[in-house]
Amino acid sequence: MTRYRIVPDALSASLSDGAVLLNLYTKRYFSLNDTGSRIWSLLEHQASEEEIIETLVREYDVEKPEAARAVNRLLDDLVAERLIEPASV
Amino acid sequence: MMSTHDSSGGARNIGAPVCASAPHVETHWRCGLVDGVTTGSSSKLIDTECRAELRLAKGRLSRGPGYETAPRLTRQRLARVGAMLKLREHARYHMHAAGVVAPDGRAWLLTGETGCGKSTLTYALARRGWPVLGEDGVVLQHDSIGVIAHGWHDLLRVSIELAEWFPELRDHESQVDWQDTRHRVAVGATFNKRAPVAGMVVLQRDSRDALSPITSTAALATLVRQATFLFVPDNHAQSHLSVLRDLVESVPCFTLHHSPAQLACIDATILGACA
């Protein structure tokens, strides 16, 4: 059950239709759509990857395999952009 | 699900860091011709042309090596950046945008990349009696009634080539700065000190005219590029981002593709945006 933590250099602003993320170190910024914003808010609450997938299946009209692929892809992007990192157990 | 942007494209954005930004670690950034070194809540500003220094510590600006003997323009450049940083400590945030005040007393922000037409359309509005808050910058603050735009008063300057549309500019031909690539001349305008923000327009020059609403997320992503010092990694960064978030969530935001036709009707375009 992989958990992630948001890095100290990441700032976020949650909006009615998505979110904007900033990385103060890389000076890059990112916009998230509504689903991405929901995933980010779950990461803020220390949800694990599995818990995020289950939440999306519950809240959106999506099958688990598709939700898992989408979550995995976004988490990979967020790690690559140094906005989150795997939390040490 | 995620779109990536790079903040380095905007003329007023802070440059790339050269080291990590943990508290009390030195962070280097750049604003125009001024290099900045921030350590915790202190900053050192160094003019890249004259190496003169200005320092900000404990909320106070003090002169560093070379400042006293630097040319006036250098001192002005350093003081301008120092003032922006100092305002940030008081929860007021400089933004690269023009601000104009509509007849109802509320402000409209015109933003976009350098050369997008901010000054030109600001002058077009000023000629129609709209007071100006700033031609190239405003200062944002969130207070009890919402987001307020304070004036950041630079000279309003427009290109002499606009005399075709604004004939009175011909009276200023002798004052044109021909070293300036845009051949601008300073023009008169009425300036206001502050006004609550009514809306924001992202400008793009085009051969046609089209005003379209944009989402809050798209508007904030645009503002991030124009927000001076947003990326300075001090303890004001999150508050700065929150003010921009509150702005785009509380007022209508639009993109305006504009042709020269807007010079005659920009006031009606803006007033019609919320009709």
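Let me start with the contact between the two chains: 29 residues of chain B touch 30 residues of chain A. Keep in mind that this is a predicted model.

How much area is buried between chain B and chain A? The figure is about 2700 Å², and carbon and sulfur atoms give 64% of that. On the chain B side, the residues that lose the most area to chain A are B:M1, B:M2 and B:F231. Together those three make up 30% of what that side buries.

Next, the polar part. Between chain B and chain A there are seven residue pairs in polar contact, counting pairs with both residues at pLDDT 80 or more. For salt bridges across the interface of chain B and chain A, the rule finds zero.

You will find B:A70 in the loop of chain B that runs between strand 6 (60–63) and helix 1 (72–89). Is B:A70 buried or exposed? Its relative accessibility is 6%, so B:A70 counts as buried, the cut-off for that being under 20%. Setting aside neighbours within four places in sequence, B:A70 is in contact with B:A52 and B:R75. As for B:D234, 164 residues away along the chain, its C-alpha atom is separated from that of B:A70 by 29 Å.

Conventions:
Residues are numbered from 1 along each chain as its sequence is written. Chains are lettered from A and ligands numbered from 1 in the order in which they are written. This is a predicted model: local features need pLDDT of at least 70, side-chain atom pairs count only at pLDDT 80 or more; totals for chains, interfaces and linings use all residues. Side-chain values use heavy atoms; hydrogens and water are left out. Helices (H or I, at least four residues) and strands (E, at least two) are DSSP runs, numbered from the N terminus. Buried means under 20% relative accessible area, exposed over 50%, partly exposed in between (1.4 Å probe, protein chains only). Contact means heavy atoms within 4.5 Å. Buried area is the accessible area (1.4 Å probe) that two parts lose on being put together, summed over both. A salt bridge is a side-chain nitrogen of Lys or Arg within 4 Å of a carboxyl oxygen of Asp or Glu. A polar contact is a pair of N or O atoms within 3.5 Å; within protein, one must be able to donate a hydrogen and the other to accept it, and residues adjacent in sequence count only if both atoms are side-chain atoms.
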